[in-house]
Protein chains: 2
Amino acid sequence: MTTSPPGKPPRQERAASTALLTDKYELTMLAAALRDGTAHRRCSFEVFARRLPDGRRYGITAGTGRFVEALQAFRFDDAELGMLDSFLEPATLEYLAGYRFAGDIDGYPEGELYFPGSPVLSVHGTFAECVVLETMVLSIFNYDAAVASAAARMVSVAAGRPLIEMGSRRAHEQAAVAAARAAYLAGFAGSSNLEAERRHGVPALGTSAHAFTLLHTAGAGTTPSDWEKAAFGAQVDALGADTTLLVDTYDITAGVANAVEVAGPRLGAVRIDSGDLGVLARQVREQLDALGATGTKIVVSGDLDEFAIAALRAEPVDLYGVGTSVVTGSGAPTAGMVYKLVEVDGIPVEKRSSHKESHGGRKRAVRWAKASGTIVEEVVHPADRPAPDVPADLAARPLTVPLVRDGKPVADLGLHSARARVRDGLLSLPWDGLKLSRGDAAIRTRIIAPTPGRS
Amino acid sequence: MTTSPPGKPPRQERAASTALLTDKYELTMLAAALRDGTAHRRCSFEVFARRLPDGRRYGITAGTGRFVEALQAFRFDDAELGMLDSFLEPATLEYLAGYRFAGDIDGYPEGELYFPGSPVLSVHGTFAECVVLETMVLSIFNYDAAVASAAARMVSVAAGRPLIEMGSRRAHEQAAVAAARAAYLAGFAGSSNLEAERRHGVPALGTSAHAFTLLHTAGAGTTPSDWEKAAFGAQVDALGADTTLLVDTYDITAGVANAVEVAGPRLGAVRIDSGDLGVLARQVREQLDALGATGTKIVVSGDLDEFAIAALRAEPVDLYGVGTSVVTGSGAPTAGMVYKLVEVDGIPVEKRSSHKESHGGRKRAVRWAKASGTIVEEVVHPADRPAPDVPADLAARPLTVPLVRDGKPVADLGLHSARARVRDGLLSLPWDGLKLSRGDAAIRTRIIAPTPGRS
């Protein structure tokens, strides 16, 4: 039904350009570098976190898949160029018009643990093709890793009980979609967000809110119990008895009784969204069992974070709904990663004026572990030298893999593999690394300096 | 160049649908309500914050303009419906296919102050047309208000010195665009984000990063000072002497000397991004003045928040660059607003089982102020009754205005008016309300209950 200019794919089949998700200074630097000829120097930029968020013991690499996808849509078309010509000269605009990232990218596979200094992404190409990606790279990794890292702590303390991400309403509407993906990657069972199901295949879950019960308010002579039963009846009629009924709109004890009365003892679950969730879960469990609804599950929600989840460990809770805390990184809403130029034409470079040092040179990383699988050290070494020898009682696993070659994705970027990596990563942490309390990184990162005098 | 099916506008001229930025339960509730006929009841939903973020004294309403725009793109086309048919019955899909919000929306104008319980948005229509908007409404308001509220505190303590938002890299890539808008709305001078300029007209600002200096690293026999001068020269050549040179890559004192040597005493500004910014700003000011660069400005950046900005008040700083703290709401990454059903067919409704109470009934609000303009109280009253009488020494200003009528935007949603409102709002706060320290809301909100026995 659509025709297009020759040689140009129809616009609706192309993703919206991501090229302006960029800080202006990247393009002014590009302009200056094109003028003085340095734009074409071979460079390596590295993404890493100088430290973990305060007191955290590990981080989860996340955003890799979204970044590689966004990279393919990083194109300056007429719409983008039209707003840049006020401050860029024609030579720069011409360069941007033909821009396609054609370099190589290495990095940690998505879902892999990271620690301070871990080179989670290394971007190699000309200065021009690498510098313009800074903001987009960091936006994606900083948000996705913040969510996945918080989510992994929740998954870890939930000790096998499933978690549902339901925090879309507490995050920017597009961040919410990425948050659902990052939480799922970290081991959540699914999310309330429909766009995350469409875009990323994250299972969408959810049933009903207080508004639905309140909607069934009726006039004089009727009681809240009547309204609640009407609402429950309508929900069971539409979704079946296997649904989850929200029982805390008026009175929880009456709500549970009404739920079982309406749905029968095969009711799927009840949800409690307020009050002391531990006390209520015990009461509701007893009440459900007494009513014969022994298979009916208990879902709890309402300001849960990893600490609240841990506190409910001994209670008869079957499923946690987690909102605000997971989509905002539970106190650490950004992973604090940076994108630093580390090598120019083979010469390691680094900023030197302050504590904010970076370590020069293109790098790779391996992780050392005991025979039991427990990890003990992260070793980051110059990419042009082999990894150091491993002590006899340890094994080394390479962490750096090719993600993009000549601009084309070459890695498995599926969420299922990433989920498996998070699972394995949590199992590999030393006991101390799993503690919720504030502490140091679970393992030490050793960064081996580039060969002296190489330049 | 494009043809389209008759009656359907070409897809590329339409904004991407926002309809799946939605929690699944909104659609399952809709399905149940369509089955039992309650979907067509007239409802009012209200957006409000039960409390301000911990210790905050005011909030800034933000997101209104983005929400009204997103509302126009809330459409279920084949692409959206195709992924819903696994769990929705045909009648629900048919309803969604024809969905256009045709109700009314009232609310606080964007940029207006808000306090706990302020009805910042009221959505009126059938249950069906209102319930599906919940997640999108809240995502937009919760994020934008979090950023604008933090930004306003920074603007307030900067006491007239301009601020630039440069935190895109610390937020989800689309949230970054909204953050730039929200910071600008709150009084920032502009943002580093180019997409925010294109999409919202936020002035894009910025010049150079450490990578550009490091790019000019050369081989044996050259020094960091040579590299830095080469970089500065290239930047001045491309952008003119009025540019901002980043002077802290190697050594700040040498960097300032190099900057003035290369650009001359008419250099626009120098930026310091590390170290003790207060001490360095004084040293650099003295050095610049001694070099004759008395008009050269000093830009500081690096982990600034409202407290750090306040601490620099006495220093010779001309401009602040603010990143992480503003885009993450400076400790409060979500405004915590909720979307609650408050009225059904004229009957006020509210949840009653816990402290999480909402106040039933459709509402309007006025704010009382002294003759000096200082505000003293927020009065929220039932929409069907006039605002209460104002004491003789006070004046009342209505806060609730029509935003949408019959689905169509009817208000001025421009950012310039919103900026003026923030400015006026900050001026209207009592002295205590401007304190950075943790405290109570600057003024009391009085919520007048609906007329008893109205239903």
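Student: Let's start with Ala182(B): which helix of chain B is it found in?
Tutor: Happy to begin there, and keep in mind that this is a predicted model. Ala182(B) belongs to the helix of chain B that covers residues 173-185. That element is helix α7.

Student: Does Ala182(B) count as buried or exposed?
Tutor: Buried means under 20% relative accessible area. Ala182(B) has a relative accessibility of 1%, so the residue counts as buried.

Student: How many Å apart in space are Ala182(B) and Val202(B), C-alpha to C-alpha?
Tutor: Along the sequence, 20 residues separate Ala182(B) from Val202(B). In space, the C-alpha to C-alpha distance between Ala182(B) and Val202(B) is 9.6 Å.

Student: Now for Glu80(B): buried or exposed?
Tutor: Glu80(B) sits in helix α3 of chain B, residues 78-82. The cut-off for buried is under 20% relative accessible area. With 4% relative accessibility, Glu80(B) therefore counts as buried.

Student: Which residue's backbone nitrogen does the side chain of Glu80(B) reach?
Tutor: The side chain of Glu80(B) comes to 2.8 Å from a backbone nitrogen. That nitrogen belongs to Asp77(B).

Student: Leaving aside neighbours within four places in sequence, which residue of chain A is in contact with Glu80(B)?
Tutor: Within chain B, the contacts of Glu80(B) are Ser17(B), Ala19(B), Leu20(B) and Arg75(B). From chain A comes Arg198(A).

Student: What rotation superposes chain B on chain A?
Tutor: The superposition has an RMSD of 0.0 Å, with a shift of 0.0 Å along the axis. This is the relation of a two-fold axis. The rotation is 180 degrees.

Student: Why can we say that the copies meet through the same surface?
Tutor: We compare the interface residues of the two chains. The copies meet through the same surface because the share of chain B interface residues that are also interface residues in chain A is 99%.

Student: What volume does the largest cavity have?
Tutor: There are 4 cavities of 30 Å³ or more. The lining of the largest cavity has 10 nonpolar, 4 polar and 2 charged residues. Its volume is about 150 Å³.

Student: Which helix gives the most to the lining of the second largest cavity?
Tutor: The second largest cavity holds about 40 Å³ of space. Its lining includes Ala145(A), Ala146(A) and Ser149(A). With 3 residues, the helix that gives the most is helix α6 of chain A.

Methods: Residues are numbered from 1 along each chain as its sequence is written. Chains are lettered from A and ligands numbered from 1 in the order in which they are written. This is a predicted model: local features need pLDDT of at least 70, side-chain atom pairs count only at pLDDT 80 or more; totals for chains, interfaces and linings use all residues. Side-chain values use heavy atoms; hydrogens and water are left out. Helices (H or I, at least four residues) and strands (E, at least two) are DSSP runs, numbered from the N terminus. Buried means under 20% relative accessible area, exposed over 50%, partly exposed in between (1.4 Å probe, protein chains only). A polar contact is a pair of N or O atoms within 3.5 Å; within protein, one must be able to donate a hydrogen and the other to accept it, and residues adjacent in sequence count only if both atoms are side-chain atoms. Contact means heavy atoms within 4.5 Å. On a 1 Å grid over the protein atoms alone, a cavity is a set of points where a 1.4 Å probe fits but cannot get out, and a pocket is an open set with protein on both sides within 12 Å along at least five of seven lines; lining residues have an atom within 4 Å of a point. Grid points are joined across faces, edges and corners, and a volume is the space filled by probe spheres set on the points. Ala, Val, Leu, Ile, Met, Phe, Trp, Tyr, Cys and Pro count as nonpolar, Asp, Glu, Lys and Arg as charged, and the others, Gly among them, as polar. Copies are superposed by least squares on the C-alpha atoms of residues with pLDDT of at least 70 in both.
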